[in-house]
Amino acid sequence: MTGTPARRPWRIHFFRRASADDAGESVPTVEFLDGLPPKVAAEIHAVLDAVAEAPPPAFSGGGKWEAMHGDMAGFYEVRVQGGGTNHRLLCLLVRDAGDLGGPSIVCLGGLSKPRREKADPRDYRRIKGYRDEFERHRRVLS
């Protein structure tokens, strides 16, 4: 009996900055998560794991995983609330990622903002810069 092949989860990677752009080769997602309350960081990890298992093209986000629009089209965000603040982890989906071990969610970095307020445009510029840097160097935390 032949069945539908099992779906393999997507890989989750945290973007690592290149020494040419950041001498410390920081990992913005780790810095972001380390600055959050542990419960919020754990929820973000849980959402990422659920998205990777779905996998992303089939995941129904329920408000926790959303495609961005407008100037941020092509990005996806994990959305979690905690302590009166909205926390966002911005990611890319990289379908053809042989260099990353297969289809991957690349976590670029995050931002936090008060509820019902727009994110600071500087935060979006920073994330776009991380995307550009990732596309140039293809570096992730190993």
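This is a predicted model: local features need pLDDT of at least 70, side-chain atom pairs count only at pLDDT 80 or more; totals for chains, interfaces and linings use all residues.
Start at Gly-98, which sits in the loop between strand S4 (85–94) and strand S5 (104–114). Helices (H or I, at least four residues) and strands (E, at least two) are DSSP runs, numbered from the N terminus. Gly-98 is exposed because its relative accessibility is 69%; exposed means over 50% relative accessible area, buried under 20%, and partly exposed in between (1.4 Å probe, protein chains only).

Residues are numbered from 1 along each chain as its sequence is written, and side-chain values use heavy atoms, with hydrogens and water left out.

**The sheet**

Next, select the five strands. They form an open sheet in the order S1-S5-S4-S3-S2, with mixed pairing; two strands pair if DSSP finds at least two bridges between them. Strand S1 (11–14) and strand S2 (65–67) are at the edges with a single partner strand each, so one side of each has no neighbour in the sheet. Neighbouring strands are turned by 35 degrees against each other on average, direction ignored; axes are lines fitted to C-alpha atoms, for helices over the stretch in contact, and angles run from 0 to 180 degrees between N-to-C directions.

Go through the pairs:

- S1 and S5 are parallel, over four bridges; His-13 has Val-106 in S5 as its bridge partner.
- S4 and S5 are antiparallel, over ten bridges; Leu-93 has Ile-105 in S5 as its bridge partner.
- S2 and S3 are antiparallel, over three bridges; Ala-67 stands opposite Tyr-76 in S3.

Contact means heavy atoms within 4.5 Å. Colour S5 by accessibility: nine of its eleven residues are buried.

**The cores**

Select Ile-44, Leu-48, Val-78, Leu-89 and Ile-105, the residues with the most contacts inside the largest nonpolar core, which has 21 residues. Such a core is a set of buried Ala, Val, Leu, Ile, Met, Phe, Trp, Tyr and Cys residues joined through side-chain atoms within 4.5 Å. Helix H1 (28–34), helix H2 (38–53), strand S3 (76–82), S4 and S5 each supply at least two of its residues, and H2 gives the most, with seven. Centre on Leu-89: beyond four places in sequence, its contacts include Thr-29, Phe-32, Ile-44, Leu-48 and Cys-107. Apart from this core lies another, of 17 residues, among them Phe-15, Met-72, Phe-75 and Leu-108.

Finish on Arg-88 in strand S4. Arg-88 is buried, with a relative accessible area of 7%.
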